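Hi there,

Here is the structure I promised to pass on. Have a look at it first, and then read on for my notes.

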Amino acid sequence: MPKDLPRTLALSLTALFLLYPLWGLASPVGHWQWDASGLSSALATSFGLTGVALAIVVAVGTPLAFSLRGAARSTRIAFEAVVLLSVLMPPLALGLLLALAFGPATALGGLLLHLGIPTSNNPAAFVVTQVYASLGYYLLGAQAAFEAVPRELEQSAALLGLAPREVLWRITLPLARLGLAAALSLAWVRAVGEFGAIMVTAYYPHGIPVQLWVDLQDQGLPAVLPLLIVFLLTALPLPWALRLLVGTRGYA
C-alpha cells in the first residue's frame, strides 16, 4: 500500500463530504424564477451594509487585538471570556437581546428614539447587528495572528533603530497579515450570512439571508435557487481572494 494512500483517501472523503451539499443546486425543483428587483435590492443591502460593518470591525478590532499583547494575563483572560460570550451567543438570542437592549424601555433606546433615531428595521440597526455578530470572530483571529509574530524579530528591529510605529508597519503587520486575512474572512462570512439576529432587529431592509427566507415562504425553491447561487458566487470569493492575496508573498 502506498504510504500516502490512507491520508489521501481520508482527505478525499472529507472533501467530498463537505462539497456534497452543493449537489443540491442540481435538484429538480421546477422552473427557476428570477426576481431582478428583489435580487438587486438584497445584494445592495447585504454587501453595502456589510462593508460598512466590516470597516467598523477592522477599525475597532485591529488595535484592540494588538493592544492585548501587552496586557496583563488576568486582563486578557477576562476580555477573552467576554469575547467568547459574544461568539457563542445563539444568533436568535443575540437578536432578541439587542431588540430589548435598544428598545424604548431602556435608557439608551429611549434616548435614541427621542432624538428621532429608530433602533430597528433600518440600515443602522442592520449594521449594528452585524458588528455585534462578527466583532468577536475578528478579535479572536486577529489576536492569534499578532501573538504568532515572534517578539524577537520586533525587538531586533527596534534595536536596529526602528521606531515603534515602523516596527508595527514593517515587521508586525506583514508577518500577521495571513492571520488577519483569515480573521477578516471569518468575520465577513459571519456578518454577510447573519440571519437569526437580523430577522429580529432589521427585517427591513431585506438582506440576502432574509430575502432567501421570504422567497422560500412566498414562492418556494424555484425562487430561492437563483438568489442562492448569486449569494454563493458573490460572498465566497472574498475569503479566497484574501487568502491568495496575502499568500503570494511568501507567507503561505
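I will come back to its partner below. Please keep in mind throughout that this is a predicted model.

**Overall picture**

The protein has 12 helices and zero strands, so the pattern along the sequence reads α-α-α-α-α-α-α-α-α-α-α-α. If you plan to set up a box around it, the C-alpha atoms fill roughly 70 × 65 × 30 Å along the principal axes. There are 252 residues in the protein, and 35% of them count as buried. Contacts between residues 24 or more positions apart make up 76% of those with a separation of 6 or more.

The accessible surface of the protein is about 14700 Å², and carbon and sulfur atoms account for 73% of that area. As for charges, there are 12 positive and 10 negative side chains. The centres of these two sets lie 13 Å apart.

**Salt bridges**

The count comes to three salt bridges, and here they are in turn.

- Asp4 and Arg7 meet through their side chains, with 3.0 Å from N to O.
- Glu154 and Arg69 form a salt bridge at 2.9 Å, N to O. Glu154 sits in helix 7 (residues 151-159) and Arg69 in the loop between helix 2 (36-67) and helix 3 (73-88), so this pair ties together parts that are 85 residues apart in sequence. Glu154 counts as buried at 11% relative accessibility, and Arg69 is buried too, with a relative accessible area of 10%.
- Glu194 and Arg190 form a salt bridge in which the closest N and O atoms are 2.2 Å apart. Glu194 counts as buried at 3% relative accessibility, and Arg190 counts as buried at 15%.

**Backbone details**

Two spots may interest you if you check backbone geometry. As background, most residues other than glycine have a negative phi, and most peptide bonds are trans.

Which residues does a cis peptide bond join? Tyr204 and Pro205 are the pair, with omega at about -5°. Pro205 is found in the loop that runs between helix 9 (196-201) and helix 10 (208-219).

The other spot is Asn121, which has a positive phi of about 55° although it is not a glycine. Asn121 lies in a loop as well, between helix 5 (107-114) and helix 6 (123-147). With a relative accessible area of 39%, Asn121 is partly exposed.

**A nonpolar patch on the surface**

Which residues form a nonpolar patch on the surface? They are Val52, Ile56, Val60 and Leu64, and together they have about 280 Å² of accessible area. Ile56, one of the four, lies in helix 2. Its relative accessible area is 37%, so Ile56 is partly exposed, falling between the cut-offs of 20% and 50%.

**Two more residues to look at**

Ser185 has its place in helix 8 (residues 164-192). Is Ser185 buried or exposed? At 10% relative accessibility, Ser185 counts as buried, because buried means under 20%. Leaving out residues up to four places away in sequence, Ser185 touches Pro239 and Leu242.

At 40% relative accessibility, Ala158 counts as partly exposed. How far apart are the C-alpha atoms of Ala158 and Gly109? They are separated by 48 Å, and the two residues are 49 residues apart along the chain.

That is what I have for now.

Best wishes

Notes:
Residues are numbered from 1 along each chain as its sequence is written. This is a predicted model: local features need pLDDT of at least 70, side-chain atom pairs count only at pLDDT 80 or more; totals for chains, interfaces and linings use all residues. Side-chain values use heavy atoms; hydrogens and water are left out. Helices (H or I, at least four residues) and strands (E, at least two) are DSSP runs, numbered from the N terminus. Buried means under 20% relative accessible area, exposed over 50%, partly exposed in between (1.4 Å probe, protein chains only). Contact means heavy atoms within 4.5 Å. Accessible areas come from the Shrake-Rupley method with a 1.4 Å probe; for residues, only the protein chains shown count as cover. Lys and Arg count as positive and Asp and Glu as negative; His and the chain ends are not counted. The place of a charge is taken as NZ of Lys, CZ of Arg, CG of Asp or CD of Glu. A salt bridge is a side-chain nitrogen of Lys or Arg within 4 Å of a carboxyl oxygen of Asp or Glu. Patches are made of residues with over 30% relative accessible area and no salt bridge: like charges are joined within 9 Å, nonpolar side chains (Val, Leu, Ile, Met, Phe, Trp, Tyr) within 5 Å.
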